[in-house]
Each structure stands twice: as C-alpha cells, then as structure tokens.
Amino acid sequence: MSVSPFGPAADRARNEESRAKVDRVLDEAVEAAKKLVELYKKEADKYKRLAEMERDRRREVEARLRTCSKLLDEGPDLEAKIDSMIPDLVRAAASLPPPPEVSELQARLEATEKDRDAFAELLDIATKERDAALRARDAVTARLESRRREDEQLPGDADALKARLHAPTLRGVLEQAQRHCSSLVITADMDETKKLEHHKKAPHWCDRLAATLATMQLYAETKDLAQARGGRGGPDLANLKAYCTSRSFPLLADDKVVLSEGQTASSSPRGKAQRTLRVPEYIDSSGRALMLEHVRIGDGAPPAPRLHYLDDTDRSGQLVIGFFGDHRYNAGTN
C-alpha cells in the first residue's frame, strides 16, 4: 500500500534514497572499524616490543646474577690462588732494575744535548768546507774555460794584463784588478790609499802595484792549470817568490816579495794585530787571517807602502789582498 500521495513511484524513490543513506553509513562504519583495527595493531606491536625489551633486560640481569653467584661460590678458591701468586709477584718485582734517579735522567739528557750540539757544529763545518770546495772548483773551471793557457805564459801576457790594470791612482789600480783579476780577492780598505796618492812617488808606486797584481794573477792561473793537469807545478810554483824567481823577464822582481816578517812584527801583539786582516769565510771561518807575506811596493824610506796578502792557491786557487798602504808596525820602521 502506497503511503505517498504521489503514488508507488515516489515511494520507491524514497526507499532507494534511504537505502543509499544506510549504505553510506555502513561504509563509514566499516572505514572507522578498519582504522580502529590498524590503531589497535600498532598499539599491540608497540607493547609487544616493550615486552620483548623488558624480557631481554630481565634475562641480562638474571645472567649477571648467575655470574655473581658463581664468583661468590668460588670466592675461597680465588683467594687461595691469589695468595699462592704473591711470592712469585714479589720475586719478579725484586728482579726488576731500580728506576733511575731524576739526577741521572737529567745527566743523560744533558749529555744527549751536548752530543746533538757537537753533531750540529760538525755538520756546519762540513757544509762550509763543502761550499768552499765547490766555489774553488767553480773558480778553477771558469778560469780554465776562459783562457785555456799552456803551462808557460806567453811573454806578452803579463805586460798586456799590467796595461789593463794601469790607472792614474793607486785606488784605481786596485779597482781595475777587481774587474780583471779573477784569482785575486781584495778585502783591503781602499781608503788607505788616500795617504799615498799625493806623494811624489805615487806614479812609480802605481806602476809597481799594477805589475805586482798582474804577476799575482798569472801566478795563480799557472798554478791552477798545473793542478788541473794532475800536478802541483813543482818548486817554481811553491809560492809567489819562487814564481817570480823562475821567470826570465818578471814584471815583479823576486827580492820585492817577502814571505815572512821579523820577530817583532810577527810575534808582538801590535804587529800581529795590524797584520790580521779580513778574508772570506770560505777561506777562514773566523773571517780573518794573519798575513805575514807581503810585497814591497815602495822602498825602505817612509811611508814605504806594502801590500800584504794571503796565498790560498793550494786550496781555493786565490790570493787575498788584505792590505795596501803605508808600512805596518815593526821595530825598524816605527
């Protein structure tokens, strides 16, 4: 029987709408139930993990408890074992060497530091000697490459070098030697020439100074060449005086070369002080050396200029000009 004033069709439509609402409500209820089930599962898993962790902790505590109980049960036996080991430990400790005293350790440290300083000093000396040898080798090589002379100098070589050294002043001659004489190292104070420049004999001294420096250069070159060829050059190259004596027409007469000094000049404090002159450190690490060898540039009358030098041709291949000026102190001239 229809209850709608619009007939059976309207009733069916209303029933279908109601069923649709019921279906929606049921679907929502199912979804809500699913969510509740998922939440329950998550909570259950969480509590299950907590239970497992608690069970693991309980098992660990029980294992520790069993270990402690076992140790307590073995207590008397452990004490006996330790007591039996004590004599062996005492004997082992007695056999150990006594620890060193602080003073002994300090002494060892100081000795080690001294050894280190000594080795460092030896290394420094060896380095300087090596550098000096390298410089000497390089100087010899350069001179041999630039000249390639024969054993005997040609007659015109000395005159040609002397001409290149010529200058109107004594200082000028020394400066020319610095440019043209690679075997000469001039450490002399060139201001010493001021006392001599205006002397009436200054032109004569300029000529003799140029001849002296040219001869010294050729002497060093000849000796270098002889040593490079495996020898020492014989007695003619023993020193500058012997070289001058061996020349047929020397620029520098051998009697102008003096290889030593009188006792007063060579042994008195003042004489030695005036003749201890500057040298490169690769020749002497102190930077100074005693120069008793000299050349008489002037005659015996004051100021009697002298040129003091150090012959290092056997080691570095060089001669060091340490002083040029008026006569140094000695008993006869001062």
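Is Leu 209 buried or exposed, and what is its relative accessible area? Leu 209 is buried, at 0% relative accessible area, where buried means under 20%, exposed over 50% and partly exposed in between, using a 1.4 Å probe and protein chains only.

Before going further, a word on the model. It is a predicted one, in which local features need pLDDT of at least 70 and side-chain atom pairs count only at pLDDT 80 or more, while totals for chains, interfaces and linings use all residues. Residues are numbered from 1 along each chain as its sequence is written, and side-chain values use heavy atoms, with hydrogens and water left out.

Leu 209 belongs to helix H6, residues 202–228; helices (H or I, at least four residues) and strands (E, at least two) are DSSP runs numbered from the N terminus. Leaving aside neighbours within four places in sequence, Leu 209 has contacts that include Leu 170, Ile 297 and Phe 324, a contact being heavy atoms within 4.5 Å.

Now follow the chain to the loop between strand E5 (294–296) and strand E6 (306–312), where you will find Pro 303. The peptide bond from Pro 302 to Pro 303 is cis, with omega near 10 degrees. Ala 304 sits in the loop between E5 and E6 too, and has a positive phi of about 45 degrees despite not being a glycine. Ala 304 is buried, with 2% relative accessible area.

Finally, the cysteines. Cys 206 is buried at 4% relative accessible area, and Cys 244 is buried at 2%. Searching the whole structure turns up zero disulfides, a disulfide being a pair of cysteine sulfur atoms within 2.5 Å.
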